[in-house]
Structures are given as C-alpha cells and as structure tokens.
Amino acid sequence: MSRAEAAGGTGTAGRTEAVPAVGRRPRTTAGFLALFGNELHLTFRRMRTKVLLGILAVLPVLIGVVVKLNTDGPHEGGGGPSFIAQTTQNGLFLVFTALAVALPVFLPMTVGVVAGDAVAGEAATGTLRYLLVAPAGRTRLLAAKFTAGLVFCLAATAAVAVAALATGAALFPLGEVTLISGDTIGLADALLRAVLVAGVVAASLAGLVAIGLFVSTLTGSGIAAMAATVGLVITVQILDAFPQLDAIRPFLFTHYWLSFSDLLREPMYWDGVLKDLGLQAAYVAVFGSAAWSRFTSRDISA
Amino acid sequence: MTKAPVTGDVTESAGGPGAEPRPAPAPLPPASPTATAFLGSDDVIRTRGLTKRFRGGQLAVDGLDLAVPRGSVFGFLGPNGSGKTTTIRMLMGLIAPTSGVATVLGEPMPQSVATVLPRVGALIEGPALYGFLSGRDNLIRFDAADPTADPRTRPQRVDTALERVGLSAAARKKARAYSLGMKQRLGLASALLQPRELLVLDEPTNGLDPQGMREIRALIREVAAEGTTVFLSSHLLDEIEQVCTHAAVMSRGRLVVQGTVAELAARAQGRLVVRTPDVARAVEVLAAHRVTALVPGEDRVDGEFGERDDEALPELCAALVAAGVRVHGFGLERGTLEDAFVALTGEGFDVAG
C-alpha cells in the first residue's frame, strides 16, 4: 500500500505530497485494537511462555505413563476427584485427570507468572514508559494485558487438555465413557464435555489473572510480582483446607475450582460451576478495579 | 529564586574553535525574548510554577517556569540530578506534578496525554527495549501502542524510521544483541515513527562514541530543519552549544536561566588572547593600549579588550609587532556556555563525563 493511498483513506486526498502530515491524527478502531493483538503476539512470542506451555503439556504425559505402568494394582487418588481409575478403561479420562492435577498448582503457577509480570516486568525494563508516551493509554494497556492473560489461561488449559487427550489415546483404549453418575455417553459427546470442562477450568483462572495484574501494578519488579501472586495462590489453598475457616472459605477464589467434575454427571450439575464463575467475576471486578485505580494514578518513574 | 532571563541581541556564534557548524536558524518564528514568550501562545512547552516533591520529601523540581518556542532546538541543561528528567516525565504525563501547571502543544498535561502525545516523539532516560524481539518488532510494538497510528502504513513507517537511523541492516536482529549505540538509535527511531511537532530527547548521546554522537546530532539538526521543535536535555555543555538555538539551565531543581544560546554565551565576555614567548614585553604593550585584567601565562597573555571597532584589533597587533613582540597567535576567544554557567551560578559545572 502506498502512502498516498493511506493519506487518501484518512481524508487528506487533496495532498499530493506522499509524506504524511504533521498534526492531529484521528483515533481509529483498528489503531485502538492494534495493541491487543500486539500484546498477544508479545506474550506468545516469549520463550518463557513457550516453556511454561511445554511444561504443562508434559504433565499429562507423565501422569499417563505412570498410570500405564501401575495398571496392575488398584490406584487410589488423593484429595481431588478420582478419575485415575477410569483412565485405564478410557483414555479420554486422562484429560479430566490431568486438569484435576494441574488446576491446584501448575496452572495457577504459570498464570501467576504471566499475570504478575505483565505490568511490573515492563516497568522493570523501562518499556512501560515508552508504551505510555506512545501513548498506549493506561486503561487500554491494562485491558490489553488482562485480555492477553485470559487468552493465556485458555492456551494453558488447552495445552494440558490436548496433551492429555493425545497421551490418553496413545496409551489407553478410547470409546464410550462411563460418567461419575454411572451413565454412559458416546465418545463424541464425551469430547464435547472435555471441551466444556477445559473452558470452565480456563475461566476459573480469570480471578487469578486480575489478582496478578493488581499485584503487578504495585511493584516495579517482575520477579517480586510473580512470586507474590504464586505465593498467594498457595496460601489461599492452604486456608481453604481448614474446616475452622468455614465462614470465609466460600469466598476464596480457589474454593470451587474442582467443581468442574460435576459436569461429568448426567444430567450435568451446574451449581458449583456457576458459583465458581460468579466468584471469578467478582474477583475480576474487585481486583480489576483496584489494578485500574492504582495504575492510572501511579507515577511512572522507572 | 529564579534569576531574570537574560536579554540582549548578540547574534554571533558562540561556538569555540573546532566546533561543529551551527545549524541553520530554525525555520519557524525567530527567538522571541523570553519575557514575551511567557505570554505568547506559540510556545510548544510552557510551565508555570511546576513543582514535584517526591514522597520522601525530596524536592526534585521547584517552581519551574519554562517556555520553549516553536521551531527552536531547546537545550535543557543541568548536572545529573538537577531535575531535568523529572521535568520531562511531568511533561510527558508519566508523573503528576505536586503543584503548578504544564502545557505541551497548548494543552494541559497530564490531562491531555491522549491528544498531545501522538504528536510528540520522546526518548526518556535512555532506550528501553524488548530484548527477545527484533529491532523491527520493537518498533512495531511501540507503534501499535499509539491508537492514532494507522496499522496499514505501519510496516512502511517502521522501515523508514529504521533507515533514517541507519539500522536497516540490523532490523531483524534481536534487540538484546544490540550495542548501546544501536539501542539508542532504535529509541530515536521509535520517536520518529510519525511526523512529530515536538521531539523530546533526554540525553540522546549518552553512552555513544564520538562518531555515534556526531551522527545523532546530525539527525537532530535534520529533524529540526524540517520544522520539528526539539527539546534536548543534556549535561554536556558543548552538545548544547553545538546543536541548540535556545537553552535553559537547571540547578538543584530550579531554573537558573533561559534564553537563546547566543544570549547566554554573551554573558561570558570574550577575551583577547596573545600567544608569544615574550610575555613581559607583551603585557607592557597591551597595558599601554587599554587592555585590562591582564593575565600573563606561559607563552600567552590574555585580557579584556573593550574596543569593538574593526581597526582596533589590527592596530593593536601591529603595535605588538612594532615593539618587537614575537606574535605567534592573536585573537579574541569567544565566551562559552560553560563560562556563562559559571558567571551565572558562581559555581562550576561539576559533573562526570
């Protein structure tokens, strides 16, 4: 595309000179959205992101191999929903097993790294000041960071689910799936449920993205923000394990995380899942606002 | 207390021997005396009582009244830690002033960041890049951050900016492999992604070798010649002298003086310098010809010579020769900004580098 064409497109058709004019330029929707696309590009181009996704993809492979090697003895799961026994009969169940194992620790850790570093990392390298004088706009930049964080949640969950499906298919038989409730559904139907479960798991991490972003606006050190966010996830899950704290447990963002197993009943039991999604929305609202109010009023002196 | 801005109509170049050629006078309005510039509406940057006190109580900028005329190359001079960068951060809306007002391109900052900053290119406290992205992708990211930038012309504008700073060959290299000079140029390229009305450059030649410095200064002159106002902060006096038409001097958070570079340098009296092995004889002759404040040195004498008419200097030289003084060198040495700074503040310009 030539510059003359572009100038014509912005309404300065009378200008014969190809050099763009000095002065005010209009804000355009495409220009506004460009930062969102670029933020995704930036997130997924990083070696760090690729390594995190790689680790998440290796996890189901490890679980699958371990289950395969131990098929002789009966296998009892720990605290979470015990899908492992079913895995040996149907490889698809490795998806649910892997998600149940990854959700309490591995997924939030990777999300904490990405969200915690989002603003603080840019502040630490100084690129934040150049984005802001571009001018990215503080609200728009935060929105772009949040969007990229959510997309990362989806990608992380997908990495676990897809790797689990591939491993399960390779090591175990596939076929009709017997649900927790005892009913049996076809493979296609079961695959749809797997997609639904992965979506719910990804959405369960939205609150954490908002928390991570908020922490990220508090400090100029990416490492500190990542560590604080991941530390918070661990602390909250420890608190969630105390029956004495019953009064606050339903408000902890990790409390309903494993409720996705209710979607493996016939009919699907949505109560816990809806509570989870509602809680995530509340966390996004509260910590999103906190991050916004902090970031838009803060002196950027790094 | 801020000293009254200097006024005067000295038009001579203040460049010392060996100085790079002074840029052609800026194409837009001539330097207006600062007194009217405060009231005039064509200042690109104007501040009134701009003050920043950091949370620790440290007063970084104290009651700054700055006026940067459109079309000028404005040197913002001061030792490290004198408040230059804090001022620039306030002008760019990165930090909020404690009190006072700042307008950039006629609009208040930081309130008008979204409408003002697309017309401003800035290099603040050195370049900052994404090491894992190529130089080109760095520019694409900074351009994408500007909502007024047209995505359709982005690749072309990025390539033009890279070419302008001489980085086309290294455009695909990861930025972490760049030398400091290349990073500095890439930062400059991001300031030049669009035609700008104002370029704010904070220490743009920091860390560059002499060749790199010359190139950056040439680029600054080129941009200024296109009509862009350049606001250039530096702790290097000779840099300001070589590049700028106007200057302001900061010291410990306060504005010491502002005006045209010629006005400022005129504050420092030019001195008559005679180079000769016959120092004692020369002193006698010079004293007899109304040269005052004579300072004899090793193979040189200098003093103040009040006569300004064209014949006085040749006559004085002839008198020296007639008296048998072996004249090896003879002439007036212009005052420099450094002399002016010392004269204005009564202190040395004591900075590293």
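Q: How much of chain A is buried?
A: Of the 302 residues in chain A, 46% are buried, where buried means under 20% relative accessible area, exposed over 50% and partly exposed in between (1.4 Å probe, protein chains only). This is a predicted model, in which local features need pLDDT of at least 70 and side-chain atom pairs count only at pLDDT 80 or more, while totals for chains, interfaces and linings use all residues. Residues are numbered from 1 along each chain as its sequence is written, chains are lettered from A and ligands numbered from 1 in the order in which they are written, and side-chain values use heavy atoms, with hydrogens and water left out.

Q: What about the accessible surface of chain A?
A: The accessible surface of chain A is about 13,200 Å², and 68% of that belongs to carbon and sulfur atoms. Such areas come from the Shrake-Rupley method with a 1.4 Å probe; for residues, only the protein chains shown count as cover.

Q: How many helices and strands does chain A have?
A: Chain A has twelve helices and two strands. Helices (H or I, at least four residues) and strands (E, at least two) are DSSP runs, numbered from the N terminus. The order in chain A, from the N terminus on, is α-α-α-α-α-α-α-α-β-β-α-α-α-α.

Q: Pick two helices. How do helix 6 and helix 11 of chain A cross?
A: The axes of helix 6 (residues 106-125) and helix 11 (residues 222-239) of chain A come within 7 Å and cross at roughly 145°. Axes are lines fitted to C-alpha atoms, for helices over the stretch in contact, and angles run from 0 to 180 degrees between N-to-C directions.

Q: Which residues meet there?
A: On the helix 6 side they include Gly112(A), Gly116(A) and Asp117(A), and on the helix 11 side they include Gly222(A), Met226(A) and Val230(A). Contact means heavy atoms within 4.5 Å. The residues of this contact of helix 6 with helix 11 of chain A divide into eight nonpolar, five polar and one charged. Ala, Val, Leu, Ile, Met, Phe, Trp, Tyr, Cys and Pro count as nonpolar, Asp, Glu, Lys and Arg as charged, and the others, Gly among them, as polar.

Q: Is Asp117(A) buried or exposed?
A: Asp117(A) is buried, with a relative accessible area of 9%. Leaving out residues up to four places away in sequence, Asp117(A) touches, among others, Arg46(A), Arg48(A) and Ser216(A).

Q: Over to chain B. What does strand 1 pair with?
A: Strand 1 (residues 43-53) of chain B runs antiparallel to strand 5 (residues 99-104) of chain B, with five bridges joining them. Strand 1 and strand 3 (residues 67-69) of chain B are also antiparallel, over three bridges. Two strands pair if DSSP finds at least two bridges between them.

Q: Where does Ile45(B) come in?
A: Ile45(B) stands opposite Val68(B) in strand 3 of chain B, and also opposite Val104(B) in strand 5 of chain B.

Q: And strand 2?
A: Strand 2 (residues 59-64) of chain B is joined to strand 1 by three bridges, running antiparallel. The two form a hairpin with five residues between them, and Gly57(B) in the turn has a positive phi of about 100°.

Q: Why is helix 4 of chain B called largely enclosed?
A: Because ten of the ten residues of helix 4 (residues 135-144) of chain B are buried. The cover includes helix 2 (29-45) and helix 8 (138-171) of chain A, together with helix 5 (154-164) of chain B.
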